[in-house]
Amino acid sequence: MAQKLLLGTIDLGAHFCRLLLAECNQKTKETEILEDLSVSVPLGSDVFRHGKISESSIRMLCGIFSNYKKKLDEYGVKNCRAIATSAVREAGNADILIERIRHATGLTLTIFEGADEARLDYLTLVDVMPSSFNLYKKTALIADIGTGACQISSYKGGSFCFTETVKLGTLRVLDQMPGVMSAEGIRRFLTPVIDKTFTEMRQISPEVRSPLLFAMGSSVRALMQIFADRPGNKGQICKLSRKDYEAGMAELLSLSLENITDRYGIPQALAEAVIPCSIIIDNLFRISGATTLIVPKVTMKEALLRDFMQVLFHSEDIFARQTEAMVQRTAEKYRSDKDYTRRTALFADKLFIQLQNLHGCPKRAALLLRIAAWLHKTGLFINNQSYHKHSYYIINSTEIPGISQEERTIAALTARFHRKSPPDKYNAEFMAITKEDQSTVRKLAALLRIACGLAETCRSVTQFRIDPEPDRVVLTPAPELRMTGFAIPEQDVEFFRQVFAVPLLVK
């Protein structure tokens, strides 16, 4: 295997399309940037005003992506990841843009959901914050302030609580301006607009209370140039007290846009954007009660490149722990029996590992099985009649950072079929997924049914043994359980046999 690996990332935002080409040392993981290109695009104006991408913008983007593809071919880059954020995510004709780009270049553009951004934000902080900071134990609010939207995420004691996409970006709100204004005029016009948008966040303020506020985004980094001479603005992070931040903002708002550009070297376009950015941060300070602001000096394209490297090198997904933390909080939110669902998840994981050769699912599927195990009873919160169907809707409509929409649907369907009728051609949701995903759902649902049966009577993973044999699977409960009439429901045993073509023998 070659020691050097060429890779590229394309980031299509509301106002810019960026290409980053790099050479990575597979042994040391060090990277050398080969090309860093950026082109201005009018997606934000199209989508935020009209709800779709104009035909002229689609043609423009096809041309930009064609040029980027030529650059990739010039360097011989075979590994490229292309993502689109809020503007394309909200566009009513996003699928047309994706198809046109694929047809013109062969590149696959993937929509980056808000939950994906939340995950990338956390991984960025893991990379840049020193280990002594103990990020894994901190209570913090993380805000990714983009040009089209803000992604707000909350962590309590190092565990993920929730993430919310707020349709409020620096350039999105500037598009609402009636004309050219001074910095003070922009502030006066936009403050009530932005304050109103954060009303819902204030209503859930107990969930966002935090001593630490992390802020990311190009306008945030530009804003930090005002504090270039402060002791906390060193290396890869800028750290400010709330008092110092507010003093700096008072000074900023006393200047004209021209003076902001001249004094701090902030480009004209960003000089306008820092005003709404500062109002957003003011709101975040108020709803969180934070006393400290920390800004990592890492761009999204750099973070995307690092994450892409982790995927290519099959590195451990350090965000998986946060995914499960949020899933467990979701189970609590819908008042699932914590002890029962915890046992179900543990038993499902044991079955998945010990029957690996039988089911053949990738390791990633184990996470989806645990998600289904934690959340398969959430539907009871709505109604005990057909609650498994309600569980499906809850899981499939809940943003879960760290997994894709396709993976979320697999987890939701696994929970949907943990009881009652097995999946078949008459279920529309099941038939809507790919054949490969249908096979995964059948296998995971079969394992979850057995795990549910075990959780009804077993208190620990040591109270049963699972032994795969050439022509059968033997489930042996502990002696004390046999005396209590231990049994797995016959329909679940039969479903297991149908899926794996081997019988499950309960001794």
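Below are my entries, one topic at a time.

**Ground rules**

I am looking at a predicted model, where local features need pLDDT of at least 70, side-chain atom pairs count only at pLDDT 80 or more, and totals for chains, interfaces and linings use all residues. Residues are numbered from 1 along each chain as its sequence is written, and side-chain values use heavy atoms, with hydrogens and water left out.

**Entry: Cys24**

I looked up Cys24 and found it in strand β2, residues 16-25. (Helices are DSSP runs of H or I with at least four residues, strands are runs of E with at least two, and both are numbered from the N terminus.) Is Cys24 buried or exposed? Its relative accessibility is 0%, so Cys24 counts as buried. (Buried means under 20% relative accessible area, exposed means over 50%, and partly exposed is in between, with a 1.4 Å probe and protein chains only.)

Next I checked what touches Cys24, skipping neighbours within four places in sequence: the list includes Gln3, Lys4, Leu5, Met309 and Phe313. (Contact means heavy atoms within 4.5 Å.) I also checked Cys24 against Tyr393: they are 369 residues apart in sequence and 42 Å apart in space, C-alpha to C-alpha.

**Entry: Thr9**

I went to Thr9 in strand β1, residues 4-12. With a relative accessible area of 2%, Thr9 is buried. Beyond four places in sequence, its contacts include Arg18, Leu19, Leu20, Arg81 and Phe308.

**Entry: strand β12**

How many residues of β12 are buried? I got five of the five in β12 (residues 292-296), so this strand is largely enclosed by the rest of the structure. In a regular strand, side chains alternate between the two faces of the sheet. I then looked at the faces of β12: Thr292, Ile294 and Pro296 are buried on one side, and Leu293 and Val295 are buried on the other.

Which strands pair with β12? I noted β9 (residues 212-216), parallel over three bridges, and β11 (residues 237-241), antiparallel over five bridges. (Two strands pair if DSSP finds at least two bridges between them.) Leu212 has Thr292 as its bridge partner in β12, while Leu240 has Leu293.

**Entry: a three-strand sheet**

I found an open sheet of three strands in the order β13-β14-β15, with mixed pairing. β13 (464-469) and β15 (504-506) are at the edges with a single partner strand each, so one side of each has no neighbour in the sheet. Neighbouring strands here are turned by 20 degrees against each other on average, direction ignored. (Axes are lines fitted to C-alpha atoms, for helices over the stretch in contact, and angles run from 0 to 180 degrees between N-to-C directions.) I saw that β14 (residues 472-477) and β15 run parallel, joined by three bridges. Val473 stands opposite Leu504 in β15.

I did a length check on α5 (residues 114-128): at 1.5 Å a residue its 15 residues should span 21 Å, and the end C-alpha atoms are 21 Å apart, which agrees. (The expected span is 1.5 Å times one less than the number of residues.) Of those 15 residues, 13 are buried, so α5 is largely enclosed by the rest of the structure.

In the loop between α5 and β6 (140-145) I stopped at Asn134. Asn134 is not a glycine, yet has a positive phi of about 60 degrees. Its relative accessibility is 38%, so Asn134 counts as partly exposed.

**Entry: Ser386**

Ser386 has a positive phi too, near 55 degrees, and is a residue other than glycine. I found Ser386 in the loop between α18 (364-375) and α19 (387-396). Ser386 is partly exposed at 34% relative accessible area.

**Entry: α20 meets α22**

Last, I looked at α20 (residues 405-416) and α22 (residues 435-457): their axes come within 8 Å and cross at roughly 45 degrees. The two are therefore oblique to each other. (Under 35 degrees counts as roughly parallel, over 145 as roughly antiparallel, 65 to 115 as roughly perpendicular, and the rest as oblique.) Residues that meet here include Ile410 and Leu413 in α20 and Val441 and Leu444 in α22.
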